[in-house]
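Please examine the sequence and the structure shown below. The paragraphs that follow lead through aromatic contacts, strand order and covalent links.

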Amino acid sequence: MDRRTKIAAVAAALLITAGAGGSATASGDGKGGSREAAALTGTAKLYRPAGDDITFSFDAHLAAKDTMDPQAATGTFRYSHYKNGKGGYAVAKVDCLTTGGKVAVVTGVVTETDLDHLRGKRVGISVHDDGKRDRLGYSWVGRDAHLEVPPCLSAAPFEKVRAGTGDFRVLPWRLDYPTE
């Protein structure tokens, strides 16, 4: 198994172990209270014609009080990648979440994995919540995939989610700019 396959496997496993997570709070307490500043939740499998089982799950949130600090985000994400009984998984603790419209970027440090080279490494994932055609991207692509990923960054959502499996929910970031 090549390095990219192992990393993708770990990513998919992280998502499986995280579970689907909750749903984003759109209106707070229903009595005019504040909603969270941003969120990314849900689970999906990637489309692979060769039969790979690749799953991503998210439960990432940015509290209303932290709206101007995306690195105060909390939660986990999980991913795994298996094929023919081989592969791996990873679970990451969220350290940044940014969203805009129906796109989210989340980064986190791998805290649990069966691939030792990933433990303690930051990875980034992007999601495009497009209803029945969600997409996903991840930081471990390209020639320099082994480099340290800065907080809040990932590749564009280039992967297709398998039909019928995507239920990502992106709550757009609500920025509160100071008034003059």
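The structure holds eight aromatic pairs, where rings of Phe, Tyr and Trp (for Trp, the six-membered ring) are paired if their centres lie within 6.5 Å; planes under 30 degrees apart are termed stacked, over 60 edge-to-face, and the rest tilted. One of these pairs is formed by tyrosine 79 and tryptophan 140, which are stacked at 4.8 Å centre to centre with 20° between the planes. Strands (E, at least two residues) are DSSP runs numbered from the N terminus. Tryptophan 140 also stacks with tyrosine 138, at 4.6 Å centre to centre and 15° between the planes.

The model is predicted: local features need pLDDT of at least 70 and side-chain atom pairs count only at pLDDT 80 or more, whereas totals for chains, interfaces and linings use all residues. Residues are numbered from 1 along each chain as its sequence is written, and side-chain values use heavy atoms, with hydrogens and water left out.

How accessible are the rings of this group? Tyrosine 79 has 0% relative accessibility and therefore counts as buried, a term for residues under 20% relative accessible area (1.4 Å probe, protein chains only). Tryptophan 140 is buried too, with a relative accessible area of 2%, and tyrosine 138 is buried at 6%. Phe56, Tyr79, Tyr138, Trp140 and Phe158 together form one aromatic cluster.

The strands build an open sheet of nine with antiparallel pairing, in the order S8-S7-S6-S5-S4-S3-S2-S1-S9; two strands pair if DSSP finds at least two bridges between them. S8 and strand S9 (169–171) stand at the edges with a single partner strand each, so one side of each has no neighbour in the sheet.

Which cysteines are joined by a disulfide? The bond, defined as a pair of cysteine sulfur atoms within 2.5 Å, connects cysteine 96 to cysteine 152, with an S to S distance of 1.8 Å. Cysteine 96 lies in strand S4 (residues 86–100) and cysteine 152 in the loop between strand S7 (135–138) and strand S8 (159–160), so the pair ties together parts 56 residues apart in sequence. The link is right-handed, with 95° about the S-S bond, and both cysteine 96 and cysteine 152 are buried. The count by this rule is one disulfide.

Terms used:
Helices (H or I, at least four residues) and strands (E, at least two) are DSSP runs, numbered from the N terminus. Buried means under 20% relative accessible area, exposed over 50%, partly exposed in between (1.4 Å probe, protein chains only).
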